[in-house]
Amino acid sequence: DRHSMAFILWQDSIMYNRALPWGGALLTQAIEKELGMSADKAERLKQQYSMDPHGLSPLTETSASRPLHAQAIPGILWEIVRPQLEHLGRELERILSYWEAQFHGAMITRVLLSGGGAALQNLESYLQQRLAIDVARVDPLGAFAHHHGPGAGLAQLPATACTSALAVALGLALRGTAGYG
């Protein structure tokens with residue numbers, strides 16, 4: 001996706017929301033454009049390396065513009081996606097500053113990531129370092145760990161990087177099972 005939503009929650013109420021012009025599709029597009037490769041190949045590289053400038057892999061890819069050697073891929077991809085990540089970091093810093101200014105020093109102490117972009121490797125650690133607060137990926141299946149009604153079996157599904165993309169769907173499903181739907 002090319003957009004994300006930022007929410008500030010307090011006592012189960014949405015206090016603030018804002019659309020952000022940032023999403024995993026923008027990273028894929030930047031890789032595709034910079035390296036002159038197909039969207040599928042760019043997506044594969046993004047998922048494998050995303051924000052890990054130090055990771056190594058035996059994979060060797062080639063692009064239309066230059067050969068990519070296995071040891072160079074993480075650093076090359078980092079340089080390509082870094083501007084987009086910095087943009088996300090700045091947007092989140094603005095939201096945190098706005099909230100603190102509007103609500104007389106009220107501080108946000110944790111950022112939760114969900115959706116497809118949350119599956120990017122090392123996004124949590126990058127944002128945690130940048131924002132200097134706790135950042136965690138939402139584990140929607142964890143909500144079922146102590147659940148004994150419909151959907152209890154979901155807790156036994158293997159947790160994968162893409163499970164955070166299920167957060168909205170699972171939330172709506174739970175709402176329906178609670179008699180609200």
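Contact here means heavy atoms within 4.5 Å. In this predicted model, Leu127 is a handy place to start: setting aside neighbours within four places in sequence, its contacts are Leu88, Gly89, Leu92, Leu113, Ala132 and Val135.

Leu127 also turns up in the largest nonpolar core, which has 35 residues; along with Ile31, Leu77 and Leu123, Leu127 touches the most other members. Two or more residues of this core come from each of β1 (4-10), β2 (13-20), α1, α2, α3 (73-102), β5 (110-113) and α4 (123-131). The top contributor is α3, which puts in twelve residues. In soluble globular proteins, nonpolar side chains do tend to be buried together.

Now for the helix pairs. With an angle of about 130 degrees and axes 9 Å apart, α1 and α3 are therefore oblique to each other. Their crossing is right-handed. On the α1 side, the contact uses Leu26, Leu27, Ala30, Ile31, Glu34 and Leu35, and α3 answers with Ile76, Leu77, Ile80, Val81 and Gln84. By class, that comes to nine nonpolar residues, one polar and one charged.

Helix α1 (residues 24-35) also packs on helix α2 (residues 39-49), the axes coming within 8 Å and crossing at roughly 115 degrees. The two are therefore roughly perpendicular, and α1 passes α2 in a right-handed crossing. Here Gly24, Ala25, Leu27, Thr28, Ile31 and Glu32 of α1 meet Ala39, Ala42, Glu43 and Lys46 of α2.

Terms used
Residues are numbered from 1 along each chain as its sequence is written. This is a predicted model: local features need pLDDT of at least 70, side-chain atom pairs count only at pLDDT 80 or more; totals for chains, interfaces and linings use all residues. Side-chain values use heavy atoms; hydrogens and water are left out. Axes are lines fitted to C-alpha atoms, for helices over the stretch in contact, and angles run from 0 to 180 degrees between N-to-C directions. Helices (H or I, at least four residues) and strands (E, at least two) are DSSP runs, numbered from the N terminus. Angles under 35 degrees count as roughly parallel, over 145 as roughly antiparallel, 65 to 115 as roughly perpendicular and the rest as oblique. A crossing is left-handed if the near helix is turned anticlockwise from the far one by less than a right angle, and right-handed if clockwise. A nonpolar core is a set of buried Ala, Val, Leu, Ile, Met, Phe, Trp, Tyr and Cys residues joined through side-chain atoms within 4.5 Å. Buried means under 20% relative accessible area, exposed over 50%, partly exposed in between (1.4 Å probe, protein chains only). Ala, Val, Leu, Ile, Met, Phe, Trp, Tyr, Cys and Pro count as nonpolar, Asp, Glu, Lys and Arg as charged, and the others, Gly among them, as polar.
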